[in-house]
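Thanks for making time this morning.

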Amino acid sequence: MKNILITGANGQLGNEMRVLSAEHPEYTYFFTDVAELDICDEQAVLDFVKTNDIHVIVNCAAYTAVDKAEENVELCAKLNADAVGYLAKAAEVNQAEFIQISTDYVFDGTAHLPYKETELTCPNSVYGSTKLAGEQNALTYCSRTMIIRTAWLYSTFGNNFVKTMIRLGKERDSLGVIFDQVGTPTYARDLARAIYAAIVQGVHPGIYHFSNEGVCSWYDFTKAIHRLAGITACQVKPLHTEEYPTPAKRPHYSVLDKTKIKNTYNIEIPYWMDSLQSCIAELEV
């Protein structure tokens, strides 16, 4: 019987972890967000983990407003780096396993082949830098740490690219979307399934990459969203990155190599368009 703490439970991934928990009734779950547990409070984290005898911590909490992070450096670092260290220390004290969710933004996106876990990191945004610092804290303070880097996350829960493109597609006659940034959309439910595979089989410490299979641009992604959602009246136009400037630099290439997580946990990862279809069907647009 494992006691599992899932932080950031009101976010996209946290909610998907809650949905799939019904498939694993053998565990006792503690789904928390800031109201139940402030992960920026080191003592509160330690007390919670010890009091509830937590065996696995899955940290789904993060500061993810990439552009706002450029101005809110202190808050971003607190949530993405410091708090991760507190969770990792508490996990180590309780001999618990720690699963930390990270991002493709730890790379600068200048590669042309899928990123492996062994590639040198080189973040070029506050968000990316703080998430990398969180990875380092997790690995430093907890010997049973599993880092999972993911990219382009979406879900039926919360605000995300899929929901935004559906809304804008219904509101507008035309839409400009970046075509020269490529990566892989990742359905948060598929990521949650991979996390449960690690919990069930036991954490093998180290860094892993997870996204859905395949590659596309944001433009291709939008075209697929509109097609699957039955949106036909909105014309989607391709934009260069320089036509849509943002405070934070986006990686031009965010494709992740998933070989390690597939081999370690013997999992199959769905093709991105198949997962997108599943998500949109559930949204009932």
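Side chains of opposite charge can pair when their charged atoms come close. Please keep in mind that this is a predicted model, in which local features need pLDDT of at least 70 and side-chain atom pairs count only at pLDDT 80 or more, while totals for chains, interfaces and linings use all residues. Residues are numbered from 1 along each chain as its sequence is written, and side-chain values use heavy atoms, with hydrogens and water left out.

By this rule the count comes to ten salt bridges, and I will take up three of them. In one, Glu 16 pairs with Arg 189, with the closest N and O atoms 2.6 Å apart. Because Glu 16 sits in helix α1 (residues 12-21) and Arg 189 in helix α6 (residues 188-201), the pair ties together parts that are 173 residues apart in sequence; helices (H or I, at least four residues) and strands (E, at least two) are DSSP runs, numbered from the N terminus. Both Glu 16 and Arg 189 are buried, where buried means under 20% relative accessible area, exposed over 50%, and partly exposed in between, with a 1.4 Å probe and protein chains only. Glu 16 and Arg 189 also belong, with Glu 282, to a network of salt bridges.

What does Thr 156 touch, leaving aside residues up to four places away in sequence? Counting heavy atoms within 4.5 Å as a contact, Thr 156 touches Glu 16, Arg 189 and Glu 282, and also Lys 163, Tyr 187, Cys 279 and Leu 283. Thr 156 itself lies in the loop between β6 (153-154) and α5 (161-171), and is buried, at a relative accessible area of 14%.

Turning to another pair, the side chains of Glu 135 and Arg 149 meet in a salt bridge at 2.8 Å, N to O. Glu 135 is in helix α4 and Arg 149 in strand β5, so this pair ties together parts that are 14 residues apart in sequence. Glu 135 is buried, with a relative accessible area of 2%, and Arg 149 is buried, with a relative accessible area of 2%.

Finally, Glu 92 forms a salt bridge with Arg 144, the closest N and O atoms being 3.6 Å apart. Here Glu 92 is partly exposed, at 30% relative accessible area, and Arg 144 is partly exposed, at 26%.

How values were computed:
Salt bridge = Lys/Arg side-chain N within 4 Å of Asp/Glu carboxyl O.
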